[in-house]
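Visitor: I'd like to learn how to read the sheets and the ligand site here. Can you walk me through them?

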Amino acid sequence: MTDTLSDGAVVERPLTPGLGVELLGVDLANLSEGQAAAVRDAFERHGAILVRDQQLGPDDLVGFSRRFGALDEAPLMENGRTAVPGYPEIYVVSNVLGADGRPIGSLGSGEAVWHTDMSYLPAPPRASLLYSLEVPPAGGDTWLCGMAAALRALPADLRQALEGRVIKHDGTYNSGGYVRAGVRVDDNPVTCEGQPHPAICRHPAGGPDVLYLGRRRNAYVVGLPLAESEALLDRAWEYACLPENTYVHKWRVGDVLMWDNRVTMHRRDPFDGSARRVMHRTQIQGAEPPLPAVAA
Ligand code: SIN
C-alpha cells in the first residue's frame with residue numbers, strides 16, 4: 001500500500017471485487033497519524049470500510065468520525081427526541097424500548113429500503129458510519145450498493161435517457177417508511193417538496209462517475225410527464241441494485257461500517273422485533289452538492 005503505513009500497519013482485504021475494504025490490525029480509538037491517513041485513503045479509494053472488533057465509547061466514536069471532517073448534528077428521532085445525551089452527533093438506530101416504554105432509537109425492526117442518506121438536502125452528508133453495540137441472532141444485515149458499478153450496468157439507451165437529467169429527491173419519509181418530524185406529506189412526485197440533484201454525478205475525488213438515485217419513493221425526473229418519469233426511474237432502479245453491485249454485511253458486535261454517501265446507497269433487512277439491535281451512527285458533513293458528470 002502507501003508510505004503512510006510506515007508508522008503502523010493497516011492491511012486491506014476487499015469486501016467485494018468492486019466495493020469496500022476490510023481494514024485489519026487497527027484500533028480506531030488509538031490510531032497513529034499514519035494509520036489515520038491510511039484509513040482515510042482506503043475509504044476514499046474503496047467507497048466503504050469495515051473494521052471489526054472495536055470497543056468505542058461515544059468519545060472514541062465521535063473522535064474517529066471527526067478524522068474525516070466536521071460532523072452533522074444527528075436529526076431528531078421519530079419520537080422527536082435526540083438520542084445520546086451530551087453527544088448531539090450520535091444517532092441511535094435501534095428497535096429497543098427504554099425503561100419509559102419509548103424507543104431508544106429510530107427505524108424499528110422493519111426493512112430500511114435502498115437509499116442514500118439525506119439526499120433531500122442541498123449538500124447531503126458525505127459519509128455515514130454505523131457502530132454495532134448489540135446485534136440480533138439473524139437478520140438486520142446492511143447492504144451497500146456501489147453506484148459507479150450501477151451506472152456501468154445501465155444499458156446504453158437508459159444511460160443516455162438519464163444523461164443531463166435532474167432527479168428531485170423527496171424527504172418526506174425516512175428509509176423505514178416513517179414520516180420525518182415536522183414534514184408536510186405530499187405523495188405527488190411532481191408537486192412534493194424536494195431537492196434536485198443530477199442523475200449522473202462526477203466523483204468529487206476524481207473516481208468514476210456515479211448514478212445518483214437517492215430513494216425511489218416520490219422521486220421525480222424534473223421536466224418529464226409523471227408517467228415517463230416513473231418508467232425511467234423504475235428502469236434505472238432495476239439495474240442499480242443488481243447483486244453484483246452490492247455487498248451484504250452480517251453484523252458482529254464491535255463492527256464499524258462506514259460508507260461514502262456520494263458513491264453508494266444502502267438498505268437494511270428486517271429482523272425479529274423481539275431481538276435487540278443497537279447501532280450508533282455518525283455522519284460526516286457534506287462540503288458540496290453532488291455535481292453533474294462532465295459530458296463525454
Ligand atoms: C440506515 O438505513 O441508515 C440504517 C441501516 C441499518 O440499520 O443497518
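Visitor: Let's start with β7 and β15: how many bridges join them?

Guide: Strands here are DSSP runs of E, at least two residues, while helices are H or I runs of at least four, all numbered from the N terminus. Two strands pair if DSSP finds at least two bridges between them. In this case 5 bridges join β7 (residues 127-134) to β15 (residues 256-260), and the two run antiparallel. Leu130, for one, has Leu257 in β15 as its bridge partner.

Visitor: Before we go on, what kind of model is this?

Guide: A predicted one, with residues numbered from 1 along each chain as its sequence is written. Local features need pLDDT of at least 70, side-chain atom pairs count only at pLDDT 80 or more, totals for chains, interfaces and linings use all residues, and side-chain values use heavy atoms, with hydrogens and water left out.

Visitor: Which strand order does the open sheet of 8 strands have?

Guide: Read across, the order is β1-β2-β3-β15-β7-β17-β4-β5, with mixed pairing. β1 (11-14) and β5 (106-107) are at the edges with a single partner strand each, so one side of each has no neighbour in the sheet.

Visitor: And what happens at the β1 end?

Guide: β1 and β2 pair over 4 bridges in the antiparallel sense, and Glu12 has Leu23 in β2 as its bridge partner. Their hairpin has 6 residues between the strands, and Gly20 there takes a positive phi near 85°.

Visitor: Which strands does helix α1 lie across?

Guide: Contact means heavy atoms within 4.5 Å. Axes are lines fitted to C-alpha atoms, for helices over the stretch in contact, and angles run from 0 to 180 degrees between N-to-C directions. Helix α1 (residues 33-46) lies across β1, β2 (21-24), β3 (48-51), β7 and β15, at about 135° to β3.

Visitor: Now the ligand. Which residues come nearest?

Guide: "Near" means a heavy atom within 4 Å of the molecule. There are 10 residues around the ligand, and His115, Thr142, His266, Arg268 and Arg277 come nearest.

Visitor: How do I read the polar contacts?

Guide: Look for pairs of N or O atoms within 3.5 Å. A side-chain N or O atom of Thr142 is 2.5 Å from a ligand oxygen. For His115, a polar side-chain atom lies 3.3 Å from an oxygen atom of the ligand, and for His266 the distance from a side-chain N or O atom to a ligand oxygen is 3.3 Å.

Visitor: How much of the ligand does the protein bury?

Guide: Accessible areas come from the Shrake-Rupley method with a 1.4 Å probe. Taken alone, the ligand exposes 250 Å², and the protein buries 99% of that. β6 (112-115) and β16 (264-268) are the elements giving two or more residues to the shell.

How values were computed: A polar contact is a pair of N or O atoms within 3.5 Å; within protein, one must be able to donate a hydrogen and the other to accept it, and residues adjacent in sequence count only if both atoms are side-chain atoms.
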